Amino acid sequence: MAEFPTTARVVIIGGGVVGASCLYHLAKAGWSDCVLLEKNELTAGSTWHAAGNVPTFSTSWSVMNMQRYSTELYARLGGEVDYPMNYHQTGSIRLAHSRERMQEFGRARGMGKYQGMDLEILGLGDIRARYPFLETHDLVGALYDPNDGDIDPAQVTQALAKGARDMGATILRFTPATGVRRENGEWIVETEKGAIRCEYVVNAAGYYAQRVGEWFKPYGGRTVPMMVMSHQYLLSEEIPEIEAWTREAGHKLPLLRDVDVSYYLRQEKHGFNLGPYEPRCRAHWVDPSDPMPDDFSFQLWQEDIDRIEEIVTDAMERVPLLGTAGISKVINGPIPYAPDGMPLLGPMPGVPNAFEACVFTFGIAQGGGAGKVLAEWVTEGATEWDMWACDPRRYTNYTDHEYCVAKGMEVYGHEYAMHFPWHSWPAGRNRKLSPLHDRIKALGGVMGAYNGWERANWFAQPGDDTSEEATQTWDRAGPWESRIREECEAVREHCGVLDLPGFSRFKVQGPGADDWLRGLATGALPKVGRVGLVYFADERGRIVTEMSVTREAEDLFVLVTAATAQWHDREWLERHMPEGAGFTLDDWTDRMSTLIVTGPASRDLLRPLTDADLSLPWLSFQETAVAGRWAALLRVSFAGELGWEIHAENADIPAIYEAVLDAGAKPFGMWALNSLRIEKGYRAWKGDLSTDYSLLEGGLERFVKFDKPQNFPGKAALMAEKQRGVKKRFVTLIVAADAADAPYMSTLWHEGQIVGETTSGAWGYRVNASVALGMLRADLAVPGTKLEVEIYGERFPATVQPDAPLWDPANARLRA
């Protein structure tokens, strides 16, 4: 027996497909001194009873990347590690019952083509040609994915484990981790067989990830935001017609998904595997009457066919052959869910040298890509693809148990739902409320959640349809459109006011704060009494984040960033703070709130409410009183008009808001603000600004000060890129769009070639045009270049605009 390892570079807790993939990819990166701990046998958790489907389909760019990589890896893995695997790339057919579903498929096809996958839209005749046992009379069309299929979960896990072992990594089965502690800057992972000292720890514990996560709370951690769902699938008896068809065709039937009914149907040997995602779903281990056992290895729950009866009946009508065979087995096992159904993959919030690779709802499909991403994060400190959609730091302190259960059940019950841009999911709401929440609702605010904060998306008037059903569209038109137009026009012609709770807000103060920030930012810092936009890059020169920085004194700065960036940006700052720093970093996010007051009449409107000097120039800061309450007044406007941000204590915000309303300002919402900012070419975080792009590609060279003496992160990479030239360049496009504007990651075409992607899009009500921001092949980023933008499967003409804002290009209104 091999000697128990007492040291390692990385310890991974959990031996499912994701944990094994993490170990394999770490070893592949040259980090062979790594240990995986599994309490039972490999695959003993969700991996053991997983159906093993391996789709590439996703409307998330990063998740599609992960899943595509998995299919590529699995296709070659058996040969690479000399381990036999049953991997069937049968292709799949996703059925559409509506125009809206076909639009979603069109978007996925465009994204897939950009990633090199040949996804195909099928007509009804094409569907029957590929799947002759299918009833198509009520369908609109389908999406065909040639790379989809299924794999044996145990075999792929064992293949990854063998590959890792062959490269020198260690796997300890039947070795439960029992706790962790931190000592002299290292982790000590306790097991029943001894302790292992290591640099990094990875929580890959599947549906036990929350229990493992509790061990890290004394070191700055939080409760892992997750819950556990009961997922059932049925295996039929063998069907002679399936056997005969397979023998004649020489391959299995494509995997079928009826996403509007919510199930998949897969050929299993010569029968079927039917997997429903039922609306009447069941959560487990959510209260004291149903406690999570200490060990649920290789166990299942009792079947509950009544829950899925309607879906089974529908599937039998869709594929009548299914109804000719009995059920041979029902699998009912635990599947972990995060509140949005996406995995937790990346740095463990608040904990040094700890990572999460857990809560994978589709672990087999995403496992290969997850290992690649985790290994990059650990060994290089950054990932090839921007992974914000899966980053554990996307959740902050509002994800209590009740929230996680409610959202997990909602996501499971709508697993195949379309995520329309105008729709807000109703479960788990009102976690963080503005001091004005009730007032905003009374004014007609139709709310959306932003890092748990409730903000008005638009303001409805009496008689407007605010039902959830009205939002089931990709198109621009809806009861909100005329209201957004009115709100934008009010900002353009007079003055609007936006309640903006939840801005992430950090106060940095004390000796050395200036030198530290100057060495971290890519550009210059503002002078005392001024506000500046500051960017931070990683070592590759890619965009980490954007913050507005107000300098209140020589060594006193207030940093404001996106609501969703709170834990991400705070961790970025804290990670770069020197030991023994003479300055402090404090999170003031929950202490204060913000109003945006903007429009050509904003100065006249504010003048009676304050003694502040409203003639101070753009990007100025002053402390003052507004409506008799203390406030910080910043002359900035994300809407691109004359305007101010009013930052005040939460208790003072209502009085200031009422005074601004009484003075004649019109409330406006987040959707109007999005339209206004796009017309100005202002970037949004994790859309236009992400680690997929460098600062130079993002058109942000004016925020990079190459001649300053500090070697800020990314300086060398940006200098090298400047010398050789960028491959892509940020552009603004006017699009001859039809009913819908370009969503994130719409494909750009030029003369039949894919040449870039949009990063955001909206209708511009001041310029009266559909506007898209995007990244384009550098040689085409010339004003006047004609392109096509693929919007939900259709291509529309677009023209590259000059490198200036579409609205008020000289910023005369902003500086008025």
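**Aromatic rings**

A: Let's start with Trp-31, which counts as buried at 10% relative accessibility (buried means under 20% relative accessible area, exposed over 50% and partly exposed in between, with a 1.4 Å probe and protein chains only). This is a predicted model, where local features need pLDDT of at least 70, side-chain atom pairs count only at pLDDT 80 or more, and totals for chains, interfaces and linings use all residues. Residues are numbered from 1 along each chain as its sequence is written, and side-chain values use heavy atoms, leaving out hydrogens and water.

Searching the whole structure turns up 29 aromatic pairs. Rings of Phe, Tyr and Trp (its six-membered ring) pair if their centres lie within 6.5 Å; planes under 30 degrees apart are stacked, over 60 edge-to-face, and the rest tilted. Trp-31 makes a tilted pair with Tyr-200, 5.8 Å centre to centre with 45° between the planes. Trp-31 is in the loop between helix H1 (17–28) and strand E2 (34–37), and Tyr-200 is in strand E11 (residues 194–203), so their pair ties together parts 169 residues apart in sequence. Helices (H or I, at least four residues) and strands (E, at least two) are DSSP runs, numbered from the N terminus. Tyr-200 is buried too, with a relative accessible area of 15%.

Another tilted pair joins Tyr-535 and Phe-703, at 4.9 Å centre to centre and 55° between the planes. Tyr-535 belongs to strand E24 (residues 531–537), while Phe-703 lies 168 residues away in the loop between helix H18 (670–679) and helix H19 (715–724). Tyr-535 is buried at 2% relative accessibility, and Phe-703 is buried at 18%.

Elsewhere, ring pairs link Tyr-207, Tyr-208, Trp-285, Phe-296 and Trp-301 into a cluster.
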